[in-house]
Structures are given as C-alpha cells and as structure tokens.
Amino acid sequence: IQSFTFKVKTASDLKGITTIANLATASANGGPEVPSKPEDPNNPGNPDPSCTNPAGCSTDLPTDNIAGISLAKHGTYVDGNGDGKIDIGDRIEYSFTVINIGSTILTNIIILDDNAAVAGGPLPSLAPGAADTSAFTAVHMVTQADLDTAVVYNLAKAIGKDPKGNDVTAISTDPLPCTACPADPLCPTCTITPLAAESGIAVIKKAVVIDENSNGFAEEGETIRYNFEVKNTGNTTLTNVLITDNLPAIVLSGSPITLAPQEINATNFSAVYVITRADIDAGSVTNQALAEGTPPSGAKVNALSDDENFLGDNPTVVDVVNCVIEVFNAVSPNGDGINDEFHIQGLECYPNNSVEIYNRWGVKVFETSGYGSNRNIFQGYSDGRTTISRGDRLPDGTYFYTLKYQNERSNRTQEK
C-alpha cells in the first residue's frame with residue numbers, strides 16, 4: 001500500500017462554507033483511472049462499502065468556519081407626556097445593531113432584555129459580515145428608582161444559530177457611551193442613559209392666634225399655633241425631611257419624614273409659640289421656618305417658608321396689635337351684664353394710665369389711676385367730692401371723659 005498526501009487550494013472565500021467535497025482518481029502504468037471512495041469509518045484504511053457509485057464518492061473535508069455575532073445598543077430619552085420634565089411615565093427608546101462577525105451564516109436571531117420590552121424578530125438569517133439595524137427595538141418605562149439614581153443601566157443579549165444548530169451569543173455594548181455617567185462595575189458594557197435629577201423642597205407656614213380667654217384679642221401668655229405644609233418639588237425622593245425655626249421659645253413638633261416627588265405633607269409638622277409682652281408692644285410676631293431634605297445624591301436641599309404658596313419665601317406675620325385703645329362709650333349699669341361698666345379695650349397693656357369723667361356742666365364725677373386693674377372701673381357711681389356725693393348713683397345723661405396712658409416702650413404719654 002502506497003499513501004499519498006496533497007493540499008487543496010480553494011478558488012473562493014470559504015465564508016458560509018462548512019465542508020469541501022473532494023474526489024480523486026488513481027491510475028498505474030497508463031491503466032484506467034479508479035475513482036476514490038471515502039474511508040470506512042468502521043474499518044479505517046479501507047474504502048467505505050456504502051459507496052456503490054462506479055464514479056466514486058467524494059470525501060467531505062470540514063472547513064475551519066467560525067460563528068460569531070455582535071450587538072450594539074444605544075438608548076435615547078423621550079419625554080413621554082410632553083410636560084418638559086423628567087418624571088415617571090417617560091421612556092427610553094433603544095436601537096440595536098446586530099452584526100454577523102463570523103464566517104458562517106447565522107439564523108433565527110433573537111434579542112433578550114431584562115430591563116426593556118423588545119419588539120421585532122426573530123431575524124431569519126444574517127450572512128457573514130452583514131449588519132441589521134431595523135429588525136429590533138426596545139422601550140424602557142422610567143421608574144422612580146431610575147429617577148433616584150439619575151441613570152438607567154441596561155444590557156441586552158443576542159442569540160443566533162450556526163449551521164449546526166449551536167447557539168451563538170453576544171452581550172450588548174454601547175456605540176455612543178455616556179462618558180460622564182457613573183459606571184456600574186458589575187456591568188461594564190451596560191448601555192447607560194442619563195436622567196437629569198431635579199431635587200427641590202418648599203414649605204408654607206400658616207399661623208392662628210388662639211384666644212384662650214375668648215375676649216376677642218391677643219394677650220400676653222396666649223398662644224400662636226403654626227401649621228406647616230411641606231412639598232417635594234423635584235423628581236427624586238427626599239428622605240430625612242425636617243423643619244427648623246429660629247423663633248425663640250417656639251416649640252416644634254414632628255419627626256423626619258420621606259416625601260415622594262411632588263408629594264405634600266400638611267399634618268406631620270406643627271409648632272406652638274407663647275405671645276410675650278414684647279410681641280404685644282411690637283404689634284406683631286414675624287418669622288420664617290426652614291425646610292430641608294436629602295435626595296439620593298446626598299446633597300441636601302432646603303427652602304425658607306412662605307406664608308401663602310410654595311413659590312415664594314415671604315415670612316409669616318401674625319398681628320397682635322390688640323393693645324390699640326378702643327373706648328366703648330355706652331354705659332347702662334342695670335345689672336343685665338350688657339354695658340354695665342365703662343369698658344376701655346387694650347388699656348391693660350398700659351397700666352400707667354388715668355381716667356377722669358365729667359358731667360355736662362364740667363363737674364368731675366369720677367377719677368382714678370390704673371383704670372381696669374383690680375376691678376378699678378366706672379360703673380355709673382360718683383367718685384367725686386364736689387356736687388355729688390361719693391358712691392351715689394349718677395343720673396342718666398351725657399358724660400365726658402379724658403384718658404391718659406403711657407407707652408412704656410416709647411416712654412410717651414398719649415391722651416384721648
């Protein structure tokens with residue numbers, strides 16, 4: 001037995017070719033040519049008995065074909081509701097480019113994506129070197145978790161079949177990567193789509209004077225109750241939301257809370273303040289609160305309170321100008337509980353005062369200092385010593401008064 005070896009040089013590119021069929025002939029001393037037969041796989045060194053063709057049977061030589069696929073994926077943010085804000089319900093639209101990077105045809109190509117809804121496919125076939133940019137798309141709906149991280153990480157996988165039915169796979173890469181975005185070390189080839197984080201907070205502070213003694217005006221020792229409405233004005237979750245207030249002696253209530261984007265809380269925070277003598281003299285209590293919260297980035301946001309809405313930052317002003325003197329001229333001391341005394345509202349704010357009352361002939365019938373204190377009031381009885389005896393009931397008629405009081409803060413004496 002004589003063995004021969006030889007090389008086969010192909011005349012064309014072998015991409016897509018899995019085997020080369022070869023048929024040889026042999027002759028000796030000018031005798032007839034004898035066609036070749038494949039080797040018997042069950043009896044090496046002998047011809048395959050299954051070849052009964054007189055012309056011989058070709059020997060199939062496998063080629064060194066390589067199957068390969070690549071997948072490029074890029075995401076674009078879309079304002080789904082057209083409100084000009086990045087919020088829940090917006091979407092990211094993905095485009096795909098599938099390339100056959102091998103030397104054999106691929107069939108039944110699909111794309112899998114755990115973080116987006118894929119449309120399109122399967123792609124029936126893709127020749128070696130060919131690319132497809134239209135068979136597949138995908139959509140991811142923006143969630144609050146996406147807004148809190150300010151990016152969306154996404155990875156897809158392409159799967160195709162080689163001619164032998166084996167899976168050929170590729171993990172996606174981004175042809176236009178976001179270089180400014182934070183990379184995920186667990187997903188270095190992820191497609192990263194940035195979402196602008198907009199964090200903000202606002203607070204409204206409203207006040208009510210509590211008239212504990214129901215006399216119709218504010219007094220020292222009575223209270224002002226404050227209510228706060230806090231709003232997350234951004235698109236990220238705020239944690240550790242709290243309120244501070246620099247008004248001396250104010251007592252704040254309410255624990256830190258969490259606010260979702262655009263959420264308003266009007267019940268968690270409140271405050272109580274006791275009106276002081278200085279407040280009465282000043283005529284008002286003015287102050288502002290500060291609200292703050294922490295977004296996922298960790299950089300706190302804050303805002304001063306407004307007295308009406310979430311857009312302004314005007315302080316809350318509570319008028320306590322009830323020390324304005326008001327004289328009630330009608331006196332009918334008949335014991336019915338209505339106008340039984342000469343009432344001067346607000347005079348208790350000015351204890352350094354004097355009151356004189358005269359009849360129509362100019363005779364003084366009543367005079368006192370510290371009017372209003374310790375029931376030191378005029379109830380229609382004489383307190384003069386000239387023409388009417390002290391303690392006598394005065395007749396009906398028209399009387400005139402003079403009132404003097406000193407403002408201790410300004411040290412000025414005023415007269416009515």
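Visitor: Which residues have the most contacts inside the largest nonpolar core?

Guide: A nonpolar core is a set of buried residues joined through side-chain atoms. In this predicted model, the largest such core has 43 residues, and Tyr226, Val230, Ile344 and Tyr371 have the most contacts inside it. Strand β17 (residues 223–232) supplies the largest share of this core, 4 residues.

Visitor: What does valine 230 touch?

Guide: Leaving aside residues up to four places away in sequence, valine 230 touches a list that includes Ile201, Val203, Ile243, Leu259, Phe269 and Phe310. Glu263 and Asn265 are also among its partners.

Visitor: Which residues belong to the other core?

Guide: Another core, of 23 residues, lies apart from the largest one; among its members are Leu106, Ile109, Leu147 and Ala156.

Visitor: How many aromatic pairs are there, and why is phenylalanine 342 with tyrosine 371 edge-to-face rather than stacked?

Guide: The whole structure holds 5 aromatic pairs. Planes over 60 degrees apart count as edge-to-face. The planes of phenylalanine 342 and tyrosine 371 stand at 65 degrees, with ring centres 6.2 Å apart, so this pair is edge-to-face. The two residues are 29 apart in the chain: phenylalanine 342 is in the loop between β27 (326–328) and β28 (343–345), and tyrosine 371 in the loop between β30 (364–369) and β31 (400–407). Both are buried.

Visitor: Where does the charged end of lysine 205 sit?

Guide: Over the ring of tyrosine 226, 4.2 Å from its centre. Likewise, the charged end of lysine 73 sits over the ring of tyrosine 94, 4.2 Å from that ring's centre.

How values were computed. Residues numbered from 1 in each chain as written. Predicted model: local features only at pLDDT ≥ 70, side-chain atom pairs only at ≥ 80, totals over all residues. Heavy atoms only, no water. Phe/Tyr/Trp six-rings, centres within 6.5 Å; stacked < 30°, edge-to-face > 60°. Buried < 20%, exposed > 50% of the residue type's maximum accessible area, 1.4 Å probe, protein only. Lys NZ or Arg CZ within 6 Å of the ring centre and 35° of its normal. Core = buried A, V, L, I, M, F, W, Y, C linked by side-chain atoms within 4.5 Å. Contact = heavy atoms within 4.5 Å.
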